[in-house]
Amino acid sequence: MNALPYSPGNNRDGDEMSTGTEILARVLHDFPEVVTINIEPQLGLIRFSFLAWELTGARRKEVCRLLQESIATWLALNQKEGGVNKIDTHSRGRLTMLELVRDLFTFTWDEVGIVVEVLRTNLRSHLIVELNEVEGTGYAEPLALTVPTTTVPHQRLLAFRHGGQVCVYKLGGNNQCVY
């Protein structure tokens, strides 16, 4: 089980921004189903959003229930505290955004995989996925990032994909692109 590397303090280099940025970039690279990821350290929250196409109200409720149960089962099997703080859906026309909110300090890397697999299995072709393929190979280009074992960014960060690239912004007073 790999916990996301969050604990109070800066990373080894004393640069709190780089580690948070690396984690967000790694999640977006490894899981193309994740549309945005938002870290709010002051609130102790991590938010993931996903997009789906043409989901009925009943289907949305079923997927939210399956996510709750899957994470609860995983936590129980691994004797971990925590749980889903909130799963919310918002629809506009035929497009649905699903947002998962979790406690930042107990959320693990393995849970990202569980959430994505539940969505892949249950939404199939309805789940919107952005693939960044290396031209002509059909595979995603490897991302060379080192994720340190301890850090907490003290800044609010938001990451998303735009034009095939990962963008990470520091939020607050003057929003600033950091990656």
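Predicted model: local features only at pLDDT ≥ 70, side-chain atom pairs only at ≥ 80, totals over all residues.
User: How do you know that the span of helix α3 agrees with its number of residues?

Analyst: Helix α3 covers residues 109-123, which is 15 residues. At 1.5 Å a residue, the helix should span 21 Å. The end C-alpha atoms of α3 are 21 Å apart, so the two values agree.

User: Which residues of α3 are buried?

Analyst: Trp109, Glu111, Val112, Ile114, Val115, Val116, Val118, Leu119 and Leu123. Buried means under 20% relative accessible area. An α-helix has 3.6 residues a turn, so residues three or four places apart point the same way.

User: What makes the contact between α2 and α3?

Analyst: First the geometry. The axes of α2 (residues 57-77) and α3 come within 10 Å and cross at roughly 145 degrees. The crossing of α2 past α3 is right-handed. From α2, the contact uses Arg59, Val63, Leu66, Leu67, Ser70, Ile71, Trp74 and Leu75. From α3, it uses Asp110, Glu111, Ile114, Val115, Val118, Leu119, Asn122 and Leu123. By class, eleven of the residues in this contact are nonpolar, two polar and three charged.

User: Why is Thr96 called buried?

Analyst: Buried requires under 20% relative accessible area. Thr96 has 2% relative accessibility, so Thr96 counts as buried. Thr96 lies in strand β4, residues 95-103.

User: Which residues is Thr96 in contact with, leaving aside its neighbours within four places in sequence?

Analyst: Phe50, Leu51, Ala52, Leu55, Arg60, Thr89, His90 and Ser91. The cut-off for contact is heavy atoms within 4.5 Å.

User: What do β5 and β6 form, and how many residues lie between them?

Analyst: They form a hairpin, with two residues between the strands. In the turn, Gly163 has a positive phi of about 60 degrees.

User: How many helices and strands does the chain have, and what is their order?

Analyst: Three helices and seven strands. From the N terminus, the order is α-β-β-α-β-β-α-β-β-β. Of the 179 residues, 42% count as buried. Among contacts with a separation of 6 or more, 68% come from residues 24 or more positions apart.

Methods: Residues numbered from 1 in each chain as written. Heavy atoms only, no water. Helix = DSSP H or I, 4+ residues; strand = E, 2+ residues; numbered from the N terminus. Expected span 1.5 Å × (residues − 1). Buried < 20%, exposed > 50% of the residue type's maximum accessible area, 1.4 Å probe, protein only. Pairing = 2+ DSSP bridges. Axes fitted to C-alpha atoms, helices over the stretch in contact; angles between N-to-C directions. Left-handed = near helix turned anticlockwise from the far one by under 90°. Nonpolar A, V, L, I, M, F, W, Y, C, P; charged D, E, K, R; others polar.
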